[in-house]
Amino acid sequence: MAHIKLENVVKRFGDVVAVKDFNLEVEDKEFVVFLGPSGCGKTTTLRLIAGLENPEEGDIFIDGQRVNDLSPADRDIAFVFQFYALYPHLNVYDNIAFPLKAVNISKSEIDAEVKRVAKILQIADMLDRKPSVLSGGEMQRVALGRAMVRQPKVYLLDEPMANLDAKMRVDTRAEIKRLQHEIGATTIFVTHDQVEAMSLADRIAVIHQGLLQQIGTPHEIYNKPQSLFVAGFMGMPTMNLLDAELTLNEAESVLHLSHTDVDLRLSPERQTTITSDAQKNGLVFGIRPEHITAGSQPNEQSISAQVHLVEPLGAVNILDIRLGTHAETQDPILLRVRAHPTFPVTVGDTIWLDFDETEMHLFDRETEQALW
Ligand code: ATP
């Protein structure tokens, strides 16, 4: 199939730099998801790979061949857009067959190909229907079928499930994942939905303001965020991020969470990664809600704090715990903690918290890069 490489790619629209010095390699048969907030440059990057936009700087390679000057038609790529734009006057069969009619192959070969794809997508029994009588999910599968009959080197899918309801999204997501494994095509999928990204991707490329922030497996992106942006973007609820200061004395080094009574004793390994530059720039401590254990009794190192809010979500309760008060704004400093729904707690209770030391993160506030 295909290997894709972007080298120092830049795309501007007037004053807007939509894609900034973008470097990325997608391996053959890999499923990479571009994830990021609206306007971060996901679609533009996809359109650059497809040849629908031209980069101002940098090079794009497909299977080692520089494709900057190749037209979209010559790149052997299938593109599925957010709006699936089926031909309303053609039935499902002819919609799927459409790309094949443009190339010189026999009617019987077209027939075999349409039926093969329709079987995989489970739409074989609706080939004579017009798009107007199909559900959103069925239309989506027809659009995917139209992309699949071509057996291109690369699939580029731009929010292809944006128009589906929640249940259909989950079903179609599973279908796309299964199909991609079955067909083994190199695929780039754009979404702003982190659950979709985690569930589909071999690797996720997190993009923010035109910059590739981090690329890694879903596990790496979630558990080892390299920047404050990635840490704060992934997870529901997201990671707790609190200002902190390092205090060194002869006996030990301590990370103090600003405007709270919380002091975390640090191992020498943790301490040595905090450079003097980072100390000057300021520190941000991070821990995910599921890496804090709430208890009714203290342990040796437990932190005591008051419950500010209880959010029951069914499978878990999210507790907002008040750790202190901002000196200037007087706003409460809150920590979100995941607790089992049977954990007995109400607003105003004092509880004890234990942080999982292996799951703590620290960032340089200015460079926003991870120190742990
Ligand atoms: P969304 O998730 O909302 O689709 P995105 O991450 O795909 O967003 P892009 O569509 O790539 O983001 O846009 C990146 C930036 O480039 C945005 O600021 C957008 O306004 C700008 N932009 C994109 N296309 C054009 C264009 N044709 N002309 C001018 N500006 C553009």
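Strand β12 (residues 253-257) is mostly covered, with five of its five residues buried. Buried means under 20% relative accessible area, exposed over 50%, and partly exposed in between (1.4 Å probe, protein chains only). Helices (H or I, at least four residues) and strands (E, at least two) are DSSP runs, numbered from the N terminus.

This is a predicted model: local features need pLDDT of at least 70, side-chain atom pairs count only at pLDDT 80 or more, and totals for chains, interfaces and linings use all residues. Residues are numbered from 1 along each chain as its sequence is written, and side-chain values use heavy atoms, leaving out hydrogens and water.

Both faces of β12 are covered. Ser253, Leu255 and Leu257 are buried on one side, Val254 and His256 on the other. In a regular strand the side chains alternate between the two faces of the sheet.

β12 has partners. Two strands pair if DSSP finds at least two bridges between them. Strand β11 (residues 240-248) pairs with β12 in the antiparallel sense over five bridges. Leu246 stands opposite Leu255 in β12. Strand β13 (residues 263-266) also pairs antiparallel with β12, over four bridges. Here Ser253 stands opposite Leu266 in β13. The β12-β13 hairpin has five residues between the strands, and His259 in it takes a positive phi near 60 degrees.

Another sheet is open, with four antiparallel strands in the order β2-β1-β4-β5. Its edge strands, β2 (16-26) and β5 (65-66), each pair on one side only. Helix α1 (residues 42-50) packs on this sheet and touches β1 (4-13), β2 and β4. Contact means heavy atoms within 4.5 Å. The direction of α1 makes about 120 degrees with that of β1. Axes are lines fitted to C-alpha atoms, for helices over the stretch in contact, and angles run from 0 to 180 degrees between N-to-C directions. Seven of the nine residues of α1 are buried, so the helix is largely enclosed by the rest of the structure. Just after α1, Gly51 takes a positive phi of about 90 degrees.

Now the ligand. Residues around the ligand (a heavy atom within 4 Å) include Phe13, Pro37, Cys40 and Glu159. α1 gives the most to this shell, with three residues. The table lists polar contacts, pairs of N or O atoms within 3.5 Å.

| Residue | Protein atom | Distance to a ligand oxygen |
|---|---|---|
| Gly41 | backbone N or O | 3.0 Å |
| Lys42 | polar side-chain atom | 2.9 Å |
| Thr44 | side-chain N or O | 2.5 Å |

The protein covers 58% of the 630 Å² of accessible area that the ligand has on its own (Shrake-Rupley method, 1.4 Å probe).

Methods: A polar contact is a pair of N or O atoms within 3.5 Å; within protein, one must be able to donate a hydrogen and the other to accept it, and residues adjacent in sequence count only if both atoms are side-chain atoms.
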